[in-house]
Amino acid sequence: MSTPRVLIPDTAAAGEVIQIRTLIDHPMITAVSSDLPRDMLDRFEVTMNGEPLFAYDFYNGSAENPTFTFFARIDAAADFVFVWTHEDGETFTVERSVAIG
Amino acid sequence: MQMDRRTLMKGATAVVTLSLVTIPAARAETGAGVDASVEGILNGRTPSETGLTLDMPSVADNGAQVPLTITVDSPMTDDDHVTAIHIIATDNPVPEIGTFHLTPRSGKAEVFTRIRAADSQQILVFAELSGGDVLQAAAEVIVSIGGCTT
């Protein structure tokens, strides 16, 4: 498991809607059509200044190395926390901040 | 409510997995699984077929990594925004692909991810709105190499 990658601008204009892209290396083994043990992420959650922004529930049809693009409206300087949670409870966390500029 | 449905889905996953191992003809039951998944999302509501766009290639060389973009025509305000977007496969061993959760803070109702498609099939998407309405869109994808290898 490498460190998840998050592409997000360092600064934004007040009121701007910014694009955020994420990628985590993960095999997402469903064990439906192989003898490998199941190894799946359960949920991806993003908060902005502590408030829910975006989330995704993973089911079997989610591809290996899950990647997402989504958006956030920046009204003020914002602290983002990105958390990937495995079905076994393990979490992977990335933090980023966007300043007004 | 959401957690209950999710728990149900996880249970359904286990049943489908077992039947695939023991009964080769289990694939024929896939349709019923799709119907149950869709009914679970709609919860008695009739979906509208406007305002929701599913952008996906019509031909996917690799079913293990099929890119899709979903866009909803929504102002994404506190009073009128998308709360959830569900992706359903009509011919995967397990119909549920994933569920997005959005908020007014999203600012724009557009999301991108990559999915697995076991075979050529129709992909369904449903968007739930804060006012209680639900939107539906669908697209066909032809898969050259199936995406269910793990």
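Visitor: What makes the second largest cavity a cavity, and how much space lies in it?

Guide: In this predicted model, about 40 Å³ of space lies in the second largest cavity. On a 1 Å grid over the protein atoms alone, a cavity is a set of points where a 1.4 Å probe fits but cannot get out, and the volume is the space filled by probe spheres set on those points, which are joined across faces, edges and corners. By this rule there are two cavities of 30 Å³ or more.

Visitor: Which residues line the second largest cavity, and why are they called lining residues?

Guide: They are called so because each has an atom within 4 Å of a point; among them are A:Tyr56, A:Phe58, A:Phe68, B:Thr113 and B:Arg114. Strand E5 (51-58) and strand E6 (67-74) of chain A, together with strand E6 (110-115) of chain B, each give two or more residues to this lining, strands being DSSP runs (E, at least two residues) numbered from the N terminus.

Visitor: How do you know how many residues of chain A are in contact with chain B?

Guide: Contact means heavy atoms within 4.5 Å, and by that rule 35 residues of chain A are in contact with 37 residues of chain B. The chains bury about 3,000 Å² between them, 49% of it on carbon and sulfur atoms, where buried area is the accessible area (1.4 Å probe) lost on being put together, summed over both parts.

Visitor: Why is the pair A:Glu87 and A:Arg38 called a salt bridge?

Guide: A salt bridge needs a side-chain nitrogen of Lys or Arg within 4 Å of a carboxyl oxygen of Asp or Glu; the side chains of A:Glu87 and A:Arg38 meet at 2.9 Å, N to O, so the name applies. The two residues are 49 residues apart.

Visitor: Which conventions apply here?

Guide: Residues are numbered from 1 along each chain as its sequence is written, and chains are lettered from A in the order in which they are written. In this predicted model local features need pLDDT of at least 70, side-chain atom pairs count only at pLDDT 80 or more, and totals for chains, interfaces and linings use all residues, while side-chain values use heavy atoms, without hydrogens and water.

Key: 1 Å grid on protein atoms, 1.4 Å probe; cavity = no way out; pocket = protein on both sides within 12 Å on 5 of 7 lines; lining within 4 Å. Helix = DSSP H or I, 4+ residues; strand = E, 2+ residues; numbered from the N terminus. Buried area = accessible area lost by both parts, 1.4 Å probe.
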